[in-house]
Amino acid sequence: MTVQDAPTPARSLEARYYTDPAIFANERQGLLARTWQFAGHESQVRGAGDYFSFDLAGESLFCIRGRDDVLRTFYNVCQHRAHQLVSGAGTTRVVVCPYHAWTYEMTGELRAGPNIKSVPGFDRSEISLTPVRTENMHGFIFVNLDEDAAPMEEWYPGVRAELGDYVPDIDALEPLEWVEIPEQCNWKVSIENYSECYHCSLNHPTFATGVIKPETYDIQPSERGHVLRHTTQCQSLDAMTYDIDLSKPHAGEYRSLFLWPMFSFQIYPGNLLNTYHWRAHDVDQCTVWRGWFTPRGEDSDVIRRLAIQDRATTVEEDIHLVESVYRGLQSRGYKPGPLVLDPACGLNSEHSVYALQQWMREAVDDRDLNSS
C-alpha cells in the first residue's frame, strides 16, 4: 500500500505493538526468525576453522568457515545431549562438544564420539549439526532461521549492486569501530525513529546542517521487497570536516539503505560506509551497534573522529527521543495520533513510517492468523 492509498487520516500503531510482551514473543518466534538478520563481518572468519558465536531470536548460533572456504552457520547445540558447542570466537580444526567430546566436521557432520561404535545400529552419517541459511553481501554475513526463506536479492532487490556502485572498495572494508548503544525502548521505536527525518531539523542540528540538505531529504520504500532508501543532496562538500576524493563515482552523495527489519547501510560523502545494526533483547530493551569501516580495517583519524562526533551528537540525541517515546507509549493518556503523510513526501512527511508500520502490523497480525 502506498501513501496515496493510505486511509485519511492514517494513524500510528496502537501502543500494544510496542509494549505487549506477548507481541514481542510473537515477533521473536515469527518475524525475527523469518527475516534476514546481520550476523557478523567476513573479517571475523577469514581462515579455515575461524568461527564466532552470536544470539538471534532467542537462539545461540555460530558461523564458521570450512576448509572448502564456504561460510556456514549452525545452531549452537550438540545433537547428543544439547550442550552448547562453542562460545565467543576462535579457530578450530573440528567442533568439539565440551560435555562428552562429540566431534563434528566444519561442514556439520558428526565425525566421532567416545564409545559410539559400541552402540548397535548407531549410524554416524544420520547425525549432523542443524544448518542455518547464510548469505554474504559484500562481506556482511546475514542469516535467516527460515530454511525456506527467499534469497536476499528478493528481499532487498538491487541493494547488492547499489552498494557496489556507491562504495567501490566495499569488498576490502573491515570494521574499525563498533559503537554499542543500549536503548531502553522497544526495537520498533528505535527503527521508526531512524526511518524518518521529520524530527531532524529540531533534534539533530549537526546532522541537519552538517551533512544533508533538509529540503531535498526523502525516504522511499522500494517498489519491491523491504528496503527504505534515504536520499538527499549534501551541504557544501567544502565545509565537510574531511577531504573528499570526487573522482570516485557517487563520492559527493549521501545515501542510506535500510533493510527491514534491523540493519542499515549508511554512506557518507566520500564513499564512507557506516552501518546500523539492531538487536532486540526484550519488549523494552534493544541495542544499536554503529559500525565504522575502512579498507582492511586500517586506522583512520577521519573515521574515528566521525564515530566520536556521531556518538556525541545524533546518537545521543536519538537515545533521549526513543526512550521518551517508549515511556509515552506506556501512558494511559496516549491515543495513536495521525501520521503526517504529505503526498509530495519529503523531509516533513512520515510516509516512510507508514510503510514501516504496515510491515510491522503484517508481521504480527499475519502470524496471529496463521497461529489461530
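The largest cavity in this predicted model has a volume of about 270 Å³, a cavity being a set of points, on a 1 Å grid over the protein atoms alone, where a 1.4 Å probe fits but cannot get out, and a volume being the space filled by probe spheres set on the points, which are joined across faces, edges and corners. By this rule, one cavity of 30 Å³ or more is counted. The lining of the largest cavity, meaning residues with an atom within 4 Å of a point, comprises 25 residues, of which N193, Y194, Y276, T314 and D318 lie nearest its centre. Two or more lining residues come from each of strand 11 (173-183), helix 5, strand 15, strand 16 (272-282), strand 17 (285-295) and helix 8, with helix 8 giving the largest share, four residues. Helices (H or I, at least four residues) and strands (E, at least two) are DSSP runs numbered from the N terminus. By class, this lining divides into 13 nonpolar, seven polar and five charged residues, where Ala, Val, Leu, Ile, Met, Phe, Trp, Tyr, Cys and Pro count as nonpolar, Asp, Glu, Lys and Arg as charged, and the others, Gly among them, as polar.

The largest pocket, an open set of points with protein on both sides within 12 Å along at least five of seven lines, holds about 480 Å³ of space. Its lining is formed by 20 residues, of which E192, N193, E196, V325 and E350 lie nearest the centre. At least two residues of this lining are supplied by each of helix 5 (187-194), helix 8 (301-329) and helix 9 (351-371), and the largest share, four residues, again comes from helix 8. Eleven nonpolar, six polar and three charged residues make up the lining of the pocket.

Residues are numbered from 1 along each chain as its sequence is written. Local features need pLDDT of at least 70 and side-chain atom pairs pLDDT 80 or more, whereas totals for chains, interfaces and linings use all residues, and side-chain values use heavy atoms, without hydrogens and water.
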